[in-house]
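Please read them with the model open.

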Amino acid sequence: MSARSRAESFCTRHGLRVPVLEAPMAGACPPELAAAVAAAGGMGAAGVVNDTPEAIADWAARFRALAGTAPFQLNLWIPDPPADDDVGLQTAYLDTLGGTPAPAGGPGPSFSDQLVAVLAARPAVVSTIMGLFTAEQVAAVHGAGCAWFATVTTRAEALAAERAGADAVVVQGMEAGGHRGTTVPADAEAVSVGLLALVPWVADAVGVPVVAAGAIGDGRALAAALTLGASAVQVGTALLRSPEAGIDDGWSARLDGLDPTGTTTTRAYTGRLARGIATDYVRAWTVPGAPAPAPYPHQRRLVARYRAGEPGAVDRVNHWAGQAAGRATTDPAAEVVARLWREADPLLP
């Protein structure tokens, strides 16, 4: 099947006009952004890792009020195994940066409650990161009339997802901004494979569609991903500076013209490896003698406490950025999506 035929088949199956999915970026995917992507013919999305069931229902309702029956994706974070940490050590280190943490908050929403809320919202796609659904969960997703897209970073993970019942795999290259979608937290640093090597390696091995994610900053990258075997692409950083995203002004300004070398992988924000801008706060965790960040979710909760108190040198927001961040513009999201496809279309056979 040709690259164009694969993309057309994917679009037909999922009710799209262009093979572009919004990356489900938790905290940076308001319904307005998802609706703008949908208006351009792509698929909007939201990452709900931090959301209560009520917030999930509200997001879906607001999206439908803006976009009608357009398909959308909701992304769930498979829970990590329980992890011990030395919060006292981490707090002592953050104290050297200045600031005073707020009191510890209560536990976040449970994964099981989030899954129930996601299925009640009936998105076209339920996607996962950091692991795979159980057989019972896959049956529930399919029983709700939803497709399951599993985020993977290796060929082995893709094959495991296909065996588990995934309808598509989101193949995430090491260039991608935000969290690495590895299924074993400790493996994240060891599976940094670029998208150009990873997409054909996975596409040749699985029978389900491949969605390419990582440094899709213009139509050339989109066309390349489709040519290499993907059926669609997932775009995150390229949409972050659009007005509908509404991210922090300082974060947006740092993305403007950012050189690929200006990003780095770090566990400083959440305890899970992720790619972001090399801010002073991020670099502080790499100096000689600095302790390792606490495991997820302890590091995320600790950072949240400082942000809720007097943050000192702690970044107010997570400055996520993929390696193609410098290509992100402040154009409306619908125009970004339309331009990606307009540039890619003539490059496809």
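1. L222 is in contact (heavy atoms within 4.5 Å) with V20, I216, V233, L340, W341 and A344, leaving aside neighbours within four places in sequence. This is a predicted model, in which local features need pLDDT of at least 70 and side-chain atom pairs count only at pLDDT 80 or more, while totals for chains, interfaces and linings use all residues. Residues are numbered from 1 along each chain as its sequence is written, and side-chain values use heavy atoms, with hydrogens and water left out.

2. L222 is also among the residues with the most contacts inside the largest nonpolar core, together with L74, F133, V169 and Y281. That core has 95 residues. A nonpolar core here is a set of buried Ala, Val, Leu, Ile, Met, Phe, Trp, Tyr and Cys residues joined through side-chain atoms within 4.5 Å; buried means under 20% relative accessible area (1.4 Å probe, protein chains only). A second, separate core has 13 residues, including M43, F149, V211 and A213.

3. T153 sits in the loop between strand 5 (147-152) and helix 7 (155-164); strands (E, at least two residues) and helices (H or I, at least four) are DSSP runs, numbered from the N terminus. With a relative accessible area of 1%, T153 is buried. Not counting residues up to four places away in sequence, T153 touches Q172, R180, G181, T182, V191 and L198.

Terms used:
Buried means under 20% relative accessible area, exposed over 50%, partly exposed in between (1.4 Å probe, protein chains only).
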